[in-house]
Amino acid sequence: MLLLSHVGFSFMEDLVDTVRSRGLKTCVLSSMPEPKHQGSRPGTLADLADDVRVTAEHVLTPRDVEEYLDHLEAAGTSVSCCLTVWEGYRYLMALANARLGVPDLDEKQVLELRDKLTLRNRLADAGLSRGRASALTPETLAERRREGGRYFVKPVSGIASFGTFPLTADTTWADLERIAAEVRSDTVYAGVFTTTPDPGGPAGPGPRPETAADKGAEPDASTGHDRGFGMEFLVEDYVPGREFSFEVIVVDDEPHVVAVHEKCEVTEAAGTVLENACVSPPTSLSQEEIAAGIRWVARVLDTLGLGWGCFHVEARHAPSGWDLIEVNPRVAGSLISPSVAAMTGGPSLLDLWLDSLLTARRPTGFLKTLKELSFSVDGTTRSGNATFFRVFFAAPGTIREVGLNDALPLRPVVAQILLNPGDTVGTSSREVFLGQVLWSMDRADQDAILPGLLPASERAIEVVYETERG
């Protein structure tokens with residue numbers, strides 16, 4: 001199996017274990033790691049996988065994928081399918097699977113999903129969203145500020161809530177320039193925001209060309225976006241309501257909602273949106289409202305022609321109904337996939353996505369299992385389990401101490417601390433994960449356990465910085 005890794009990571013350890021548990025070998029194609037990991041990460045990948053190639057650039061291209069597949073084919077290696085959890089390479093996964101004859105989204109569909117401006121308006125035209133979006137320019141920014149309504153700003157093609165925030169009367173064009181400058185200097189994320197792959201080009205995205213802004217000129221807003229940024233922003237009508245996500249596996253045009261998570265804490269900060277805690281199944285929705293959400297998701301996927309794949313559909317629910325935040329053609333981040341495993345008592349969302357690819361040509365047996373695990377159209381699920389997880393984000397500063405709090409009312413089933421003493425976190429418009437903790441419980445006990453667990457979980461990871469802030 002071919003795995004695509006961004007700068008040497010993208011959960012390679014987890015992916016390799018998942019693939020090998022099915023008796024398959026792993027071939028890893030990775031872009032060049034960041035400088036601080038160049039001495040160690042390629043060797044780690046070589047120890048993990050059966051075959052590894054690391055390119056000379058920080059971003060993989062279609063040519064890299066084609067050449068590596070040529071190499072594997074010449075070596076007599078039969079590749080079953082391709083998988084990546086890095087959204088910026090999802091189109092490359094689609095290209096590889098098309099060459100391998102594996103049913104999947106096509107490249108064009110992936111790129112269309114990443115264009116959040118066009119996607120919003122397309123769904124609004126279909127009656128599936130009450131909001132609309134416009135390209136953000138100095139002019140549209142001034143107009144929206146004068147109007148005084150509720151709007152949201154985000155990159156047209158973004159990831160990890162980087163540069164995503166509610167528009168306020170204090171938002172200035174300089175705020176967008178600052179975020180764009182952060183993107184350009186971020187080795188890990190720059191390629192996701194600043195380049196749009198050419199579907200017809202064999203080499204894919206190359207270096208960003210020098211712009212007027214690079215030479216000190218003013219932005220050119222005449223085309224509907226700022227050329228100097230190397231990225232585009234949109235401004236859209238604010239979507240009201242509580243946030244949820246639907247974890248969906250689609251096989252041969254048939255969507256299966258494996259889980260529904262409620263984002264019980266969301267923080268809208270100056271330069272990003274932090275999703276602090278999730279519970280599943282939702283506690284604030286009735287069975288009928290969940291059923292309506294499942295029908296709405298099916299209509300969204302059908303309208304977009306998304307007949308294969310794994311999707312993390314983020315949405316909001318209000319008395320007026322369901323509305324879209326975004327459609328991600330991949331496994332969700334944080335602990336969504338382990339949460340699915342805790343609820344099913346078996347396969348995680350990653351397991352199900354992988355099995356959907358491996359059985360895509362003959363999915364009958366897999367479909368039977370998938371249907372048994374998924375929500376019914378009436379909004380019910382067979383699972384007797386419930387989950388709750390909290391994500392912890394680091395503040396700017398140097399970490400002195402960090403560890404798991406042992407005095408919790410319920411023992412976690414997963415606890416991950418992602419930073420170490422001595423790590424320094426800078427100021428950024430993207431989230432910086434400190435750690436995450438997952439709990440599982442009987443669904444019948446959910447209402448009794450959550451009121452105490454929710455506040456106690458805030459102290460699940462204890463961190464001390466070198467200079468404490470008051």
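Two strands pair if DSSP finds at least two bridges between them. Helices (H or I, at least four residues) and strands (E, at least two) are themselves DSSP runs, numbered from the N terminus. The model described here is predicted, so local features need pLDDT of at least 70 and side-chain atom pairs count only at pLDDT 80 or more, while totals for chains, interfaces and linings use all residues. Residues are numbered from 1 along each chain as its sequence is written, and side-chain values use heavy atoms, leaving out hydrogens and water.

**The sheet**

Strands of a sheet pair through backbone hydrogen bonds, either parallel or antiparallel. In this model, 4 strands form an open sheet in the order S5-S8-S6-S7, and the pairing is antiparallel. At the edges are strand S5 (133-135) and strand S7 (165-166), each of which pairs on one side only. Strand S6 (residues 151-155) is joined to strand S8 (residues 233-237) by 5 bridges in the antiparallel sense. Lys154 has Leu234 of S8 opposite.

Helix H6 (residues 116-125) lies across S5, S6 and S8 and runs at about 150 degrees to S5. This angle is taken between N-to-C directions on a scale from 0 to 180 degrees, with axes fitted to C-alpha atoms, for helices over the stretch in contact (heavy atoms within 4.5 Å).

**The cysteines**

A disulfide is a pair of cysteine sulfur atoms within 2.5 Å. The whole structure has 0 disulfides. Cys81 is in none, and its nearest cysteine sulfur belongs to Cys82, 7.6 Å away.
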